[in-house]
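Trainee: I'd like to learn how to read a model like this one, feature by feature. Can we go through it together?

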Amino acid sequence: PKPNGDPTAMLMKSYACQRRTPLKHHNSFLTEALEILSQNAEYNDNEGRSVAFRRAASVLKALPRRVRSMQDLRCLPCLGDHSQRVIKEILEDGSSREVESTRQSEQYQAMKALTGIFGVGVRTADRWFREGLRSPDDLIRTGQQLNREQQAGVQYYDDLQKPVTKAEADVISDIVEKAVHAVLPGAEIQLMGGFRRGKEVGHDVDFLITHPEEGKEEGLMPKITNWLKEQGLLLYQKTTRNSYLEKMDGPARASSNMDRFERCFSIFKLQKCAVSCKLSSTASAEDVSTACERERPDEHHSEASGWRAVRVDLVVSPYSQFAFATLGWTGSKLFERELRRWAGQEKHMSLSSHALYDSKQNLYLRAKTEEEIFAYLGLEFIPPSERNA
Ligand code: 8DG
Ligand code: MN
Ligand code: MN
């Protein structure tokens, strides 16, 4: 029961997985600022600080109205001194000096540009920054050693910087569905990540694939990528095979969020006419993916070309782990992080994209749906569209 009258008396739970966080909220003028400080802390390898700013931003996203004064923040969790100082300054002066100087800083801008390259993490970007490099062009100019992934990242940089629209994601979904059903009839495909949470744009498109007959999904990824390659739809792919069982007795890395499903990081070649075609007609999936004959060869890669590069993540999960994989790949990243923290700290359980382990009972808990997992965790079910923490 909500106390009526004072809106600040609303009870705000402290874990993001206990709250409903819609995509659109009332405080982007504050959350964007806090997220810049979070991002900058990540660039400086300060994870604790980065998470603290991200949690503070997330609390503001869950508020039912715009923050107008510091009074509105009374009783809210996760707002440290530093976050409060930043918020206060923005409320009083319209902007925060720290945020603005971070935004303008050479390091922040270079790190953003360099980590924006597919295949480049904070560590590599930081090394390049200290060597005086600032942009993808600098990498090319100075002939930096790049791995295959980074080469693709630099080559398709401009396209991959452009947000992927929902319409584009829908066309990619049709293509992935066609590929998967061609090599394994009966397989199930689910759109994951930001688009499952209702986002209108994303930095990539994520898919989870399974088959109701356990075992049928084994070795599926190479078949899918070969089919896509034969159709000329793949610009880049790197498949990692399932390593869940073999790593069980290896050195466990508890802090790592990386799971062990068979997965593929790829770059699709998306025909632009397929998108306009899908938008403007009731054409079937078949029509759309075969409608455009290959237009021009690769060398015309520019605004004028008939295609664009799109990042796509594919993950294959055994049916028995599908609910956990679904929960783990829906995001947001903070929501996932908070779920695992809640499981560990509050329930003595360990949650991954594969399983939920109960340390008190010493057993793995089975689940067929996300709802069951929330129930095991003693959490109210939060639908994907409200996991935008
Ligand atoms: P965006 O692409 O629109 O920018 O946002 P997103 O869809 O939320 O982000 P994402 O980077 O594509 O990640 C989608 C989800 O997948 C997110 O919840 C985190 C999760 N995820 C990875 N890598 C891994 C991984 O190695 N293991 C697990 N379990 N989850 C992962 O991105
Ligand atoms: Mn995504
Ligand atoms: Mn992804």
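This is a predicted model: local features need pLDDT of at least 70, side-chain atom pairs count only at pLDDT 80 or more; totals for chains, interfaces and linings use all residues.

Trainee: Where does Ser-332 lie?

Mentor: Helices (H or I, at least four residues) and strands (E, at least two) are DSSP runs numbered from the N terminus. Ser-332 sits in the loop between helix H15 (322-330) and helix H16 (333-347). Residues are numbered from 1 along each chain as written, chains are lettered from A and ligands numbered from 1 in written order, and side-chain values use heavy atoms, without hydrogens or water.

Trainee: Which polar backbone atom is 3.1 Å from an oxygen atom of ligand 1?

Mentor: One belonging to Gly-331. A polar contact is a pair of N or O atoms within 3.5 Å; within protein, one must be able to donate a hydrogen and the other to accept it, and sequence neighbours count only if both atoms are side-chain atoms.

Trainee: How many residues surround ligand 1?

Mentor: Counting residues with a heavy atom within 4 Å, there are 19, and the closest are Gly-194, His-203, Asp-204, Arg-263 and Ser-353.

Trainee: Asp-204 again! Which metal ions does Asp-204 bridge?

Mentor: Donors are N, O and S atoms within 2.8 Å of the metal (3.2 Å for Na, K and Ca), and with water not among the atoms, sites may look incomplete. Asp-204 bridges the manganese ion (ligand 2) and the manganese ion (ligand 3), which are 3.7 Å apart. Ligand 2 is coordinated by OD atoms of Asp-204 and Asp-206, at 2.0 to 2.1 Å.

Trainee: Are Asp-204 and Asp-206 buried or exposed?

Mentor: Buried means under 20% relative accessible area, exposed over 50%, partly exposed in between (1.4 Å probe, protein chains only). Asp-204 and Asp-206 are both buried. Compare Glu-47 in helix H2 (residues 47-61): with 51% relative accessible area, Glu-47 is exposed. The Glu-47 side chain still makes a polar contact of 3.1 Å with that of Arg-337.

Trainee: In what order do the 5 strands of the open sheet come?

Mentor: Strands pair if DSSP finds at least two bridges between them. Here the order is E2-E4-E7-E6-E5, with mixed pairing. Strand E2 (188-191) and strand E5 (234-240) each have a single partner strand, so one side of each has no neighbour in the sheet. From one strand to the next, the twist averages 25°. E5 runs antiparallel to strand E6 (residues 262-271), joined by 6 bridges, and Thr-239 stands opposite Cys-264 in E6.

Trainee: Which strands does helix H8 touch?

Mentor: Contact means heavy atoms within 4.5 Å; axes are lines fitted to C-alpha atoms (for helices, over the stretch in contact), with angles from 0 to 180 degrees between N-to-C directions. H8 (residues 148-155) packs on the sheet and touches E5 and E6, its direction making about 150° with that of E5. Helix H13 (residues 272-280) lies across E6 and strand E7 (307-316), at about 80° to E6.

Trainee: What phi does Cys-75 have?

Mentor: A positive one of about 75°, although Cys-75 isn't a glycine. His-348, not a glycine either, has a positive phi of about 50°.
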